[in-house]
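Hi,

Here is the model I said I would pass on. Have a look at it first, and then read on for my notes.

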Amino acid sequence: MTATLQYKVGVFLALIATFMVAGAAAGAAEKIVALTFDREANTLFLARAHELYRSNDEGRGWTKISLPPSVQGNAIAAVAASAKRKDMLYLAGPGFGVLRSSDNGRKWVARNDGLPSRDVVALAAHADQPDTLYAYVPGKGAFRSQDAGVSWKWMDGGPREGIGQLIHSNMPGSMQSGWLFAATPNGVSRSMDCFCLWQDAGVLAAAVDAVSYDPREPRHVYAATADGFFLSTDGGEQWTRISMPASRITALVISPSGTVFAGTADGGLYRSTDEAKSWERMDA
Amino acid sequence: MRSVLLGGAIGLFAAITAVRAGDDAPTAIDSELAASGRAVYRQHCADCHGARGEGARAWRQRDAHGELPAPPHDSQGHTWRHSDPMLDRIVAQGWRDPFNKTERLSMPAFAGTLTPQEIRSIIAYLKTLWTPEQRQFQREESQRQSLSPAAR
């Protein structure tokens, strides 16, 4: 190998190393893919594709949660906290399916019996029932577990457009126990949790990245699209554009006290205590 | 007309027999109750939900009042997703779709018209319209609700 070639190889390797370091630093600003709130523990959870954090002070301080090997090489798509069961947490993502931790993220167990594959892209916990969960597998449909993920049952094919993100709400008026709202590539889709009929929730003719609702007033539903941020005060019939952070919102959750948390595509976490009239950037 | 009725009766008997013969006990149906339920259904339900439980046309589409037309009760609908207590309650008390733009019930209440036994008979008849898998699902839903009052 000539000196020139050695030099070029050296420069090349140095560049790769530089990019790797820069990439690692940029990892701190990786897109936020999911937010959820454990009401029992008053804990906020934040997920990036390969990282999971919790905050016990509404986003001021964060603790990183170690992830099991099955998540490595895959990407987290959803995080859900069990209603009324403190420290019971679920993770979902394509490749590893559904994982459950009953000790606040110290130990994780796969919970995929009854799912057709581990390609779970959306997961939601029932708003009131501690052991009821909903999962979505593209091309296969929506599944329900009523035993904290131990077994899953196929419910239906899901909305025609597919599901990118899913929440369960205890909004009144359901034949059963609540409602499912799905972020889809063409608006928000809504169904009673009997899976009787998926319908368009109003007209939001845009890809929806995130959907959430205000637990103090369940008819208040928030939806983030590439085109903006919207609030419905009638369960998803009419949508009004509201203010949003500078970056595209990719994850949403509203705390029991009504604070709106928004994770963004550039990795930022924002919160609003006045129903999205103003925003404060948090360190996350 | 007589031959049509006779054919219908034979069909119902065959369906119920098939239900009883083809399924395990868990999804068996009370054939006598279902037969009487069919008559009650035809008198009180068929106008909206169809003579064979096929539902109204375009039942997935809201009308100008925001109301959803009567859904099917057969295997194409979603009735089989509801437990016995829930079906009983919906028939007796009615139900209003919260996105209905009118104040009227989407499903009228029949408690003043039908006896509890007649409502049970209609539900038994509807079960003859479902697949064995749907009957199994519905039976499990009914069991779960009877075990968990909080889930009702």
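To start you off: in which helix of chain B does Ala34(B) lie? Ala34(B) lies in helix 2 of chain B; helices (H or I, at least four residues) and strands (E, at least two) are DSSP runs, numbered from the N terminus.

Before the rest, some housekeeping. This is a predicted model, in which local features need pLDDT of at least 70 and side-chain atom pairs count only at pLDDT 80 or more, while totals for chains, interfaces and linings use all residues. Residues are numbered from 1 along each chain as its sequence is written, and chains are lettered from A and ligands numbered from 1 in the order in which they are written.

Chain B

Chain B has 6 helices and 0 strands, so reading from the N terminus you get α-α-α-α-α-α, given how DSSP runs define these elements. Of its 152 residues, 26% count as buried. Buried here means that 20 or more other C-beta atoms lie within 10 Å of the residue's own; exposed means 12 or fewer, and partly exposed is in between, with C-beta atoms placed from the backbone. If you look at the contacts in chain B with a separation of 6 or more, residues 24 or more positions apart account for 56% of them. A contact means that the C-beta atoms of two residues, placed from the backbone, lie within 7 Å.

Back to helix 2, which covers residues 31-44 of chain B. (The expected span is 1.5 Å times one less than the number of residues.) The buried residues in helix 2 of chain B are Ala34(B), Gly37(B), Arg38(B) and Tyr41(B). Seen down the helix axis, the buried residues fall within an arc of 115 degrees, so they line one face of helix 2 of chain B; the arc is that of the directions from the helix axis to the C-beta atoms. As background, an α-helix has 3.6 residues a turn, so residues three or four places apart point the same way.

Ala34(B) itself is buried because it has 24 other C-beta atoms within 10 Å. Ala34(B) and Ser121(B) are 87 residues apart in sequence, yet 5.6 Å apart in space, C-alpha to C-alpha.

Ser121(B) brings us to helix 5 of chain B, where it is one of the buried residues, along with Ile119(B), Arg120(B), Ile122(B), Ile123(B), Ala124(B), Tyr125(B) and Leu126(B). That makes 8 of the 11 residues of helix 5 of chain B buried, so this helix is largely enclosed by the rest of the structure. What do its buried residues pack against? They pack against helix 2 and helix 4 (84-93) of chain B.

In the loop between helix 5 (116-126) and helix 6 (132-147) of chain B you will find Lys127(B). Is Lys127(B) buried or exposed? Lys127(B) counts as buried because it has 25 C-beta neighbours inside 10 Å. Leaving aside neighbours within four places in sequence, Lys127(B) is in contact with Ile29(B), Ala34(B) and Arg135(B). Phe137(B), in helix 6 of chain B, is partly exposed, with 18 other C-beta atoms within 10 Å.

Chain A

Chain A is divided into domain 1 (1-30) and domain 2 (31-282), with bounds that come from an automatic or database domain assignment. The centres of the two domains, taken over C-alpha atoms, are separated by 38 Å.

Chain A also has an open sheet of 4 strands in the order 5-6-7-8, with antiparallel pairing. Strand 5 and strand 8 (109-110) stand at the edges with a single partner strand each, so one side of each is left without a neighbour in the sheet. Two strands pair if DSSP finds at least two bridges between them.

Strand 6 (residues 89-93) of chain A is mostly covered, with 5 of its 5 residues buried. Leu89(A), Leu91(A) and Gly93(A) point one way from strand 6 of chain A, and Tyr90(A) and Ala92(A) the other way. Strand 6 of chain A pairs with strand 5 (residues 78-81) over 4 bridges and with strand 7 (residues 97-101) over 5 bridges. Strands 6 and 7 of chain A form a hairpin with 3 residues between them, and Gly95(A) in the turn has a positive phi of about 105 degrees.

Where the chains meet

The contact takes 10 residues from chain B and 11 residues from chain A. On the side of chain B that touches chain A, the residues divide into 6 nonpolar, 2 polar and 2 charged. Here Ala, Val, Leu, Ile, Met, Phe, Trp, Tyr, Cys and Pro count as nonpolar, Asp, Glu, Lys and Arg as charged, and the others, Gly among them, as polar.

Cheers
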